[in-house]
Amino acid sequence: MEDRTPPPAEELPLTALHRVGPRLAERLARIGLESVQDLLFHLPLRYEDRTTRVQLGALRPGQAARVQGEVELAQVQFGRRRALLVRIGDGSGMLTLRFFHFSRQQQQGFQRGTPIECFGEARPGPSGLEMVHPEYRLGAFQDAPTSATLTPVYPVTEGVRQPTMRQLVAQALTLLDDGRLQLHEWLPAELRARYGLPSLRDAVQRIHAPPLEQAQQVTGHPLQRRLAFEELLAHQLSLRQLRERLQRYAAPPLDPPGELFDALRASLPFTLTAAQTRVIDEIHADLARPQPMLRLLQGDVGSGKTVVAAAAVLRAVEAGWQAAVVAPTELLAEQHARNFRHWLEPLGVNMAWLGGRGQRAARRATLDALADGSARIAVGTHALFQEAPAFGELGLVVIDEQHRFGVHQRLAMRDKGADGDRRPHQLIMTATPIPRTLAMAAYADLDLSVIDELPPGRKPVTTVALPARRRDEVVVRVRDACAEGRQAYWVCTLIEESEALEAEAAAATADGLAEALPELRIGLVHGRLKSDAKEAVMRAFKAGDIDLLVATTVIEVGVDVPNATLMIIDNAERLGLAQLHQLRGRVGRGAEQSFCVLLYREGLSRNAQRRLEVLRESQDGFAIARRDLEIRGPGEVLGTRQTGELQLRVADLLRDQPLLADVQQCAETLRQEHPESVAPLIARWLGARTRYGDV
Ligand code: ADP
Ligand code: MG
């Protein structure tokens, strides 16, 4: 016999398996399954225990169980919805199976007296317990368990049923078991030993078919840990690769004497904090290099990130380059524009504002000024930059509140300034503090700077949570604060993602408050206002011509009015911790004591209670983020759930945090000592999904 090495799993197409024809292969490809390796790494969502059989008489509502019996009656019920009802019995009790979709052939199979075994969830129906569309088999059975292992439930797609998926995975596992398939171990033995990782083969076998005694313990088991480790490693490697590729581009070294920023600093009414000075130095050092900076600046709400951005921008301008400042919302962009204009015009630096609905001619002029270089700085929202033509002398892009942007948008921004092999420097700012280990895992392609200090003299915001029935007391509080010359925010929230409804709710609240507080000057902002109307209201609030600003969550980020000392958040239970913390960060910016009132409707869920409690107890954005992570999970905290980045299959950033340091170290070792493992590991776990598109 010929000695043949078995094919590697990543090279064996699924059509090599029994019963996989072109049609099925095409359906599987829809969920990213092309090779047998893809199938082996298509991991169960959960498991079901089908090892023991439940007597029909002992079946309970809500129980997912395997049952056996004989068909007693099968009939089609007509009515609101046609259904095939099959009654089965086993001597101890009865059960009805209900099928809404069925073929004639299927129907004919249910002859009276036919033995049947099924698995499904029992629910109360019109005549006793039912299972809707259970999995079933017809024929004679032994009473022995069908399997000694837990039954995996896989992510599937239209036209591929659970049993098919199980059967395919089982085939692949058999091939692996019989040595007819190779599953390459890309982690060298010495690294496996160093990090206490069992073999990949065992881990894969077990995750698809965990033994029963492992039922409670699939997660956290060493075999699962092995897969989680490898998955995190693959992500880490891919991020580092991304970073390395970026470093191959050139960037203009921005290393002027620094006179412009010195002048700005001298004109500021405050001294920079030590933390601000430190991160400015870090940024300046990056900018001086001939490779693009890619730095994430984290700083809690109110920590003074804007002036740090100005320091970077002035560096670019003084070196003879242009800079762009991008904000996620119109409101925030406007505020940046105001700030920058105020700071930079005295220095003789010309700024262009890319406003939303401006006159066409004015917009044209702005774009021309950017293109011919007469404007050195552009401020606007991301959407506007999408329209704008590339500007050729762009040396730096500053992106504020990056958690609102996907990485793709970030890359698109950078490409605005692309010129051959040259890319602009990028500074990304966020007020969503991310615990360091997590940040390293999620943003291994970025350098990290942290402003870990608030400007001096800030008083913690006193936070209280009150039920909505005490709203009248809150109204009195607003009146008193404004009578003392302070200003207040009243934020309206709605669950629906509808700007229109939210705007309506805010308008209604504003009307109600105007009636209750006729002596106050009340303003209203929401997402449906035209930008100049919004701008006018904000300007009036900032100037102190409005006492009470009723708003939707559009004011969540960035708005800065130090005289505002009272923040009311209506239906606070509807918002997440990060958002509440951001909103509260709108007050407490001056020297006066500030207050935040969280109004909630009674009947809070457990999680909502915890959120409000965390907020009452803590002012520290990092501590809040850690709690948020526990309550909501990393996908939400990183904002990656929407953008679809960092989707993990086995690993769980929260549960597996203890692995992260080892993963990072292992990634480094692998890159240096076993570079041949890098690409296959990335391909195995990230597959055809390109994380960041073309870099
Ligand atoms: P954020 O980090 O939330 O973007 P901002 O840049 O809006 O914070 O700054 C918040 C407020 O603090 C602004 O009014 C700003 O002028 C002020 N500020 C910034 N740095 C300092 C400082 N070192 N000392 C005092 N006030 C400062
Ligand atoms: Mg800000």
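Let's start at the ligand: Arg-458 places a polar side-chain atom 2.8 Å from an oxygen atom of ligand 1. That is a polar contact, meaning a pair of N or O atoms within 3.5 Å. The protein covers 86% of the 570 Å² of accessible area that ligand 1 has on its own. Accessible areas here are Shrake-Rupley values with a 1.4 Å probe, and for residues only the protein chains shown count as cover.

Some ground rules. This is a predicted model, where local features need pLDDT of at least 70, side-chain atom pairs count only at pLDDT 80 or more, and totals for chains, interfaces and linings use all residues. Residues are numbered from 1 along each chain as written, chains are lettered from A and ligands numbered from 1 in written order, and side-chain values use heavy atoms, without hydrogens or water.

Back to the site. Thr-306 has a polar side-chain atom 2.5 Å from an oxygen atom of ligand 1. Ser-303 uses its backbone instead: an N or O atom lies 3.4 Å from a ligand oxygen.

Which residues are the closest to ligand 1? Gly-302, Lys-305, Thr-306, Arg-458 and Asp-560, out of 16 that surround it. To count as near, a residue needs a heavy atom within 4 Å. The shell splits into four nonpolar, seven polar and five charged residues. Gly counts as polar here; Asp, Glu, Lys and Arg are the charged ones.

Now the whole chain. Of its 695 residues, 53% are buried, that is, under 20% relative accessible area with a 1.4 Å probe, protein chains only. The chain exposes about 31000 Å², and carbon and sulfur atoms supply 49% of that.

Conventions:
A polar contact is a pair of N or O atoms within 3.5 Å; within protein, one must be able to donate a hydrogen and the other to accept it, and residues adjacent in sequence count only if both atoms are side-chain atoms. Buried means under 20% relative accessible area, exposed over 50%, partly exposed in between (1.4 Å probe, protein chains only).
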